[in-house]
Amino acid sequence: MKKVFVFCIGGTGIRVMKSVTMLMASGMSTNGYTVVPVILDPHLDLEEKKNLHSLIESYEEIYRHSVNNGTSTLNALDGFFNSQMLTIGELNEQLNDTQQAAGNKEKFRSYINVANLGANDINNYFVQSLFSSKNLNNPLSVGFKGNPNVGTVVLGEMIEGADWFKAFKTQCEKDDRVFIISSIFGGTGASGYPLLEKKIRGAADNPTVKNALMGAVTVLPYYGLKDPTTTGSDIDSANFYTKTKAALAYYQNTVQSDYLYYAGEKTLRQVYENDEKKQEDTANFIELVAASALFDFLKRERPDKRQYLTRAIDDDVESLDLVSMGSGYKDIVKCVADYMILRTFIQNLPNENFFPLKKNRGLDGSFYKDAAFQSLVRFTDKYYQWYSELSTNKRAFAPLHYDNIKQMDGWVKSIDLEAKDDSYYLLRIIEASNGYKAKDHSNKFRFFLQFAYDAINNYTKKIMK
Amino acid sequence: MAKVDLNIVDRGTSKSDWTAEDVALTAEHLDDVMEQKTDNSGALNSLPTPFARFFVAREAFRRVNEEKLNAKKAAGFAYTQLVSDILDVYELLFNLKYHRNNTWKDGQKLELREWNSKENLTYLKEKMPVLYNSVVDYYKTDIVDEKLYFLVYTENGKEVLLACSSPITGFVTPPDMDKAIVKKDNTATITFAGEQYKDLHIRRKSGGEYFRGDVRLLGQRDAEFKNYLYSMLFGSDSVDARFKAIKEYVRSFSNDPEIRNDFKLKTTPVLTDQNDKLVINGISILSSDEIDINSYFTDTMIRLPYRISRDNYKSVVYQNDVADRDYDYLLPFKPEVMNLFESGELDSDVHINRNSVTVTLRYNGKEYVKEYAQDLFRPGQGRIVDLQGAKISFDLGLFPNILSYKEQENNYFKVMVVAADEDNDAPNFNIDQISLSFFKMEKNGCKEIKEAAPEDNAQYGVEPAVVRSRQKTDEEESGTKFYELFNTAFDLIEIKVLNDTGLLMPVWQRSQSSNENYTYAIDLGTSNTFMSRCKNDSQGKPDLSRKPELFKMDKTMVNYMHEYSDDSQYSITRRIEDSIFERARKKIKTEFVPAIIDGTDYRFPIRTALCGIHNKTNRPKLFDNHNIAFFYEKLMANDDQDVNTDIKWEQDEYKLRVFVRELLLIIKCDILQRNGDLARTNLVWFSPLSFMGNTRDVYERIWNSEPNNILFIQPNQIVRYSESEAPYYYYKKMDYIKDSDAVTVVDIGGGSTDFVYFKDNQPQAANSVHFGCDVLWENGFIEFENARQNGIFKKYFDTIHFQRKDLEDLNECFKNVDSVKTKDVINFWLSNAKDCEIIKYMGQDFKPVFVYHLTSILFYMAYMYKEKGLDAPRTLVFSGNGSKYIDNFISRDSSVLKKIIDLVFQKVFGGEHDVNIKLPEERKESTCYGGLYRDKDAPIVKDIVYQGDMTRNYEKVGDMNNNLDSLKASLLLKYKELADLYKQVLDLLKRERIIDGTSDTVKYVSKANEDMGTPFATYYKTQVKEKYGDEVIYNDSVFFLPVINKVFEMTKI
């Protein structure tokens, strides 16, 4: 099992990982790599972080259901949920993750033992030169509030002594890869990325880790926050670009990844509430783009020299479809279209009394009430929410029309699908089921996903042409 | 379609799938990124390194520079304040010397503490392992330098960190010093991130405060500082590349009009606490050694409630003066400003604006400007302290106001400070709250004349100021204070009023070198003192071809601050005295020397009176506690001052010295005003023969030392003549003495009467008795100083009144103040006789008393000459102010007086006599003038002692004690004879209708015939025997002891 350790640092890391998960669910290939997400964020109470954990758990559950064959495990499916995802805890059979290591309410001042200095110790001035009183008095549980200088110290320590990092070093094997997702304009991500790189490349005692093929996506500014002088927040998006410039200039001499992906916007198109405790920022196209970097990375070989990657869109418009994004986005559009079509099945099939697979594949009422399908339902609700956010954000990722199942030929903008309504797909599912003669398993849930994908792909593969 | 990179900068990617390049985004790529401004300092730490602050500072300079180049690229408050703060650090160190010398007077200090990375990181590894683990690697890449330096400011014992050195921007301020704009209720306020800076107030040299949020980028800073950064710190190509951002920012000022390519500056390396030069990543941080012009302005400008006399003092020059200006300003500079102007001519003026004044100082071709306002309305303004508003006023009097061209002669200057707070509600300003410092221009600059005392062997200095008087009521508080400068002149006064200061420069009169020299004669009489002046001839002797001059000056000798009118309708004295603020008027008259002896308001003769403070604990010292009472009989002294009118016979040498000293200082001033040669001055002083005990020694000491101290003359330039003989030479010169066969001069003064006998122009004998005209106004031998039994005094006490209110008020004061003696009151009446009818009344009421007084003198004189073997005088000349009672109260008809004298001579010498008599107009002047005319080589007159009897030699007290009965018996016979003579004189005067024929003179005759034996015995005992030892030569005459008492008794008839 070749693995890719995906380090998701800070709020942006979490949101990009969400997109990664969604893309994986909707069929994006990891090129055979098992994705091992490692979430680094000391932000203890962050809802997004909890949601991502929950999402990953759902993914894993669905995946497990899809490969479950009683006492044995089936190969991963093509299409939906085609790649395995494992947390570092599961991989190492230990449950600790980053959260327990650093995400506590201890103040930074105490964390670095300022009290050990006498009142007249000149090193007090050293500390005062580096950190503000507010830095020193902030509990670590609320993140680094846009202060990567603090993040560097805390995460450095967090990584150095953490079980998960030891587990990573233990579990990282030949041909395994490392991918780091972070933003450059925040606190945690901006500090965690170079730090982690440094720790990995500095793992002299572990050549496998030290030499692992490493990719990273640095998410550049893409959203704004409301004026902090009215909220008292320490985060001011007005200096995101300045901070980014400073950071990029600093990174210029410190980057150690083999592939470094950049994703961002030239202007801050969306402005969110400036509340760092919640960070309930809706899914954004740039996060999706950043997520796509992982899949690109997993397809690439070790380069001769460090590579810096960017991608464009064909037309600089507010609401993107396939044409305006450009052909490079076909795989993403297809994945999203596929899953949204799947959603119609998930919604409608349980109510379809005369669907043949009810009998011949057991997709009956009890199947739809079963844990596996219910997991899928819940995951799909999140997926739908995620896409809804993407399609209404600024800029909007909106390549689909998905509101009318009687006019499904127009669901992918700019492309006429041959399936004019859902009956086309249902027929193709029946055909797929009928065409599948193998007796290698009796996993109804797998049948469902497999035949649905066959049916959907039959029509949507046109997107890739 | 418009393709666009999903990146912050367009790298030209055309593909919509991931496209790889070999080149990362670099700083150059990022130049096109349009940044937003940020006002929030809390959001600046953008880099994943503990040393992010150092890079933030770099970004701040880059952003501010961008904004400078393109105003649309606003950097925002957060970055501009950071740049401003870092520039403040550079400026603070640049001006370190200035701050240490000027603004940090209360223990504030700045230190640069070295932090050695090797040593301290090892320490941190133990104490702060988490921090150590993080910084140890970053330090090597981000900082590199072996050392950091912490700039620590201490005030009131509390330390705050101002900055840390940085190899990237030179310095970084701590994040807690960052400011944030906090908006609340539509109001934006600026607050420090850290509480420890809340009370940080370091005055910026150019106004305002460092680090307080008044953002000043480089363009807004002083030219010298700009040039220092531009040329000296970041001008070199060898500056480390890590300084790029700050260097580019600083060098972007190449077109700034104040940037000079030829800039040079005297600097000193800034030192660390280890005494190392502060070098940060190769650049040496320097402190300016240059003169800082702006620092010479004071923070406040004192506005006076009157115009300063430009004749007396240099103060501000107005560009746009107005005629009705009724105020003035002290120069708003620190004394060191004069270091810039070697000539002593300050180049500065003032422009009066609507709500402010602008002071311009010109130096070295540049103008330096500071604006002052009463209510500050612009940052950097100084405050006008309006004394009128505070109801405070003060004035200075400088005496003497003239400098000798011989520097060593400028050895004494007195400055009077008079000040008052007239705030009726709450006077809170007093004389202690005004002080002066004196400065002198020397070759190497303006030097303060430090406080010192001559007795401490200081070569020169200012004696500690002495408060002379203070008056305090609920409505006002006022007082005077004196400064004395010894052995030095000065060029500048710094006046401190409460806590504000300003400068004033005296406009000195200056003497010129010439061959002129003078002789002055000083007749210090019991009641009056007279002074005259005579120009010397080429031989240094009084020019006998011209009449001596009454002492009178053409120019003032005191420089007061206030302006006075040039209205010739009033005397200059009045104009000066009346123009000063009211509370000072009396003080300058009573506690200081007159501004001028103008011959009108102040003229000689003056009353011999010394004003002094009640407090007798301190030794009398001129002006500090005593001064000549020129005001006497014109004005009452303040309640805390006394006037002493018994100076001449006072045993207190110090008081006499003070009196003589002031006279000599006036003389000095007069000589210098006349461009006279001080050192070639001659002095003549006079003494009565009747000085008893060591009194003459006291006078000798004073007259030998004080003229040397003040006029720099030697003892051989000082001569003493007998008061008795001096008038002769004057009268002879004036040709009053036609027949010089046997001439006597009778000099009747207040305290003594002197006789001198000349035969054929040669002095034969002289005698002096302590029996002047004051006897008429005194109380016999009543010991009590406040005795008021004199009959003349009592007669007019309630009846004498004056038309002039000031004199009437003064009369009331004289009468009601116990310490004022009867003779002083009567002398006051007589001095102002034209305003009352005292002479008329006294002549009518007390003529027999005056006749008795005169008869006694003539009788005594005649017997003395007779018994000494001298012929009866053929000519008799009266002198002395006291002799005026003859004219005033007996008769102006000299033929009558001649008859009296002839009668006396006939009675004593026998035979007929035809005496020539002379009562010249210049009665008092004659002594002084005579002293001037007397040939120094003329034979010295022989003093004789005469006790009224020559049957024995009664030279010493012991001679009399041993033969008292014999002496008394002889004298009783003489008294009987005197009484008879007195009756005959009265009869003569009746016959001559000088005394009304119906007048009852019997009681006077009867009184004259009353027992003289008892009073003689009594007063001999108290006034002679009990006072003096047997060996004392008794220069006075015991003859007058009962006569004095008799006169007193007669006043009471």
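Tutor: A residue counts as buried if 20 or more other C-beta atoms lie within 10 Å of its own, as exposed if 12 or fewer do, and as partly exposed in between. Please keep in mind throughout that this is a predicted model.

Student: What percentage of the residues of chain A count as buried?

Tutor: Chain A is built with 21 helices and 13 strands, and among its contacts between residues at least 6 apart in sequence, 79% join residues at least 24 apart. Of the 465 residues of this chain, the part that counts as buried is 55%.

Student: How many contacts beyond near neighbours in sequence does the stretch of residues 98-103 of chain A have in the model?

Tutor: Over residues 98-103 of chain A the pLDDT is below 50. Where pLDDT is low, the predicted coordinates should not be read in detail. With that caution, the number of contacts that this stretch has in the model, beyond near neighbours in sequence, is 18.

Student: Is Asn281(B) buried, exposed or partly exposed?

Tutor: Asn281(B) lies in the loop between strand E12 (279-280) and strand E13 (283-284) of chain B, and its phi is near 45 degrees, a positive value in a residue other than glycine. Because 17 other C-beta atoms lie within 10 Å of Asn281(B), this residue is partly exposed.

Student: What is the phi of Leu498(B) near?

Tutor: Leu498(B) is placed in the loop between strand E29 (492-497) and strand E30 (500-506) of chain B, and with 15 C-beta neighbours inside 10 Å it counts as partly exposed. Most residues other than glycine have a negative phi. For Leu498(B), however, phi has a positive value, near 55 degrees.

Student: Is the peptide bond from Phe399(B) to Pro400(B) cis or trans?

Tutor: Pro400(B) has its place in the loop between strand E22 (392-399) and strand E23 (402-403) of chain B. Most peptide bonds are trans. The bond from Phe399(B) to Pro400(B), with omega near -10 degrees, is cis.

Student: What is omega near for the peptide bond from Phe604(B) to Pro605(B)?

Tutor: Pro605(B) is found in the loop between helix H9 (582-591) and strand E36 (606-607) of chain B. The peptide bond that leads from Phe604(B) into Pro605(B) is cis, and its omega is near 5 degrees.

Notes. Residues numbered from 1 in each chain as written. Chains lettered and ligands numbered in written order. Predicted model: local features only at pLDDT ≥ 70, side-chain atom pairs only at ≥ 80, totals over all residues. Helix = DSSP H or I, 4+ residues; strand = E, 2+ residues; numbered from the N terminus. Contact = placed C-beta atoms within 7 Å. pLDDT = per-residue confidence, 0-100.
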